[in-house]
Amino acid sequence: MGFRQIFRIERMRVDPALTQALRSRWDTEASAFAFPWGHMIPSLEDVRRITGLRVYGRAVSDYTYPCYHALAERLLDLPVERRSSLVPRVVLQESLGLFEVGKNAGESEDEYLARLARVSRRELASEPGPRADLDLRCFLVLFLGRLLFATRGDAVHCRFLPLLEDLGEVGGYAWGAAFLAHQFDGLGASERQTSTSGFYPFLQVWAYLHLPALRRGDLTRPGLVPIARSWDSRRDTRHLADQLERLQEAIDSYPYLDVVWHPYLGEGDEGQPWLVQARPYFGRSVWLHALNLVLPLNLFLTQRSLGLK
């Protein structure tokens, strides 16, 4: 279905100070970061290499319903809030055996995740059929709504459910391009919000690769793909406001010559056929679709900052 690589990413500690510092430089009108040295923008190649998500194929674009109640009852067999078309997170987790399975005292992260997997397997259908399809859709709704296209709030929206009706078609969508549109939309949200929606490891690793002087993570597993698997974020115990102030000062004084515009020049495609298939879409200015959200990928701004246009 196109999610195999992103499912291989291990745990990563969130770095709210770094994502907020980046967000403070987002130019909503240009849909790009405006730094002292010029515009920079995450690209489809960044998405593919960092997350492994598919960036080509059918656009993640379909009819959006004013109410998903009937569709959700048929495809998920779960109750849905009538007015908002939201599925309660707890209901989704219960259907997958992921609720009330807390971490025990003295239990390591690996032990906890292994136990969580065992409990979940007991709840999920073990044979192909209608029950397995329901379980898979519930999992994908939770994954898309709470991780890949995360928004603020606890409930999960059913907006992607029409694309999940035929499970055989899910792998043909350009989920990576839609993911990038969602990232851009989250970066352009109100400045009053103190967090960035979406899959936070992407922006963190993007900054590690392109702006190494801002790096607040360690390359603990070099060579793993997708690239997000190679990095661990450090824990910073200082107050968030102090961290943010230091990062913003570092951006203001960042040495232009230390900016890495092309971090993948020395990396090959061995063992990564998904990169070969996606390469024709790298370096192109395109329109990014995520249902009724359509945003430009303005790579020409980066080229202009480099003096190429």
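**Note on the predicted model**

1. A polar contact of 2.9 Å joins the side chains of Arg 115 and Glu 107, in what is a predicted model throughout. Arg 115 sits in helix α6, which spans residues 109–123, and with a relative accessibility of 17% this arginine counts as buried, the cut-off being under 20%.

2. As for the overall division, the chain is split into domain 1, covering 6–59 + 175–306, and domain 2, covering 68–163. The C-alpha centres of domain 1 and domain 2 are 27 Å apart, and the contact draws 16 residues from domain 1 and 15 residues from domain 2.

3. Between them, domain 1 and domain 2 bury about 1,400 Å², with 71% of that area on carbon and sulfur atoms. On the domain 1 side, the residues losing the most area to domain 2 are Arg 11, Trp 175 and Leu 291, which together account for 40% of what that side buries. The count of salt bridges between domain 1 and domain 2 is zero, while the count of residue pairs in polar contact between domain 1 and domain 2, both at pLDDT 80 or more, is one.

4. On the side of domain 1 that touches domain 2, the elements giving two or more residues are α1 (4–7) and α8, and α8 gives the most, with four residues. By residue class, that side of domain 1 is made up of eight nonpolar, six polar and two charged residues.

5. Helix α2 (residues 16–23) is largely enclosed by the rest of the structure, because seven of its eight residues are buried. Those buried residues are Ala 17, Leu 18, Thr 19, Gln 20, Ala 21, Leu 22 and Arg 23, and what covers them includes β1 (26–27), β2 (32–35), α8 (175–187), α9 (200–210) and α10 (240–252).

6. Helix α3 (residues 44–51) is mostly covered, with eight of its eight residues buried, and the cover over these buried residues includes α1, α8, α9, α11 (273–278) and β8 (287–290). Within α3, Glu 45 forms a salt bridge with Arg 49, the closest N and O atoms being 2.9 Å apart; the two residues lie four apart, about one turn of the helix. Glu 45 is buried at a relative accessible area of 19%, and Arg 49 is buried at 4%. Just after α3, Gly 52 takes a positive phi of about 80°.

7. The loop between β1 and β2 holds Ser 31, which is buried with a relative accessible area of 7%. Once its neighbours within four places in sequence are left aside, Ser 31 is in contact with Trp 26, Ile 41, Pro 296 and Asn 298.

8. The salt-bridge count comes to eleven. Arg 216 forms a salt bridge with Asp 15, with the closest N and O atoms 2.7 Å apart; since Arg 216 lies in the loop between α9 and β6 (217–219) and Asp 15 in the loop between α1 and α2, the pair ties together parts that are 201 residues apart in sequence. Arg 216 also forms a salt bridge with Asp 236, at 3.3 Å between the closest N and O atoms, and here Asp 236 lies in the loop between β7 (231–233) and α10, 20 residues apart from Arg 216. Arg 216 is buried, with a relative accessible area of 12%, whereas Asp 236 is partly exposed at 25%. Asp 15, Arg 216, Asp 236 and Arg 238 are linked in a network of salt bridges.

Definitions and conventions: Residues numbered from 1 in each chain as written. Predicted model: local features only at pLDDT ≥ 70, side-chain atom pairs only at ≥ 80, totals over all residues. Heavy atoms only, no water. Buried < 20%, exposed > 50% of the residue type's maximum accessible area, 1.4 Å probe, protein only. Contact = heavy atoms within 4.5 Å. Domains from an automatic or database assignment. Buried area = accessible area lost by both parts, 1.4 Å probe. Salt bridge = Lys/Arg side-chain N within 4 Å of Asp/Glu carboxyl O. Polar contact = N/O pair within 3.5 Å; in protein donor to acceptor, adjacent residues only side chain to side chain. Nonpolar A, V, L, I, M, F, W, Y, C, P; charged D, E, K, R; others polar.
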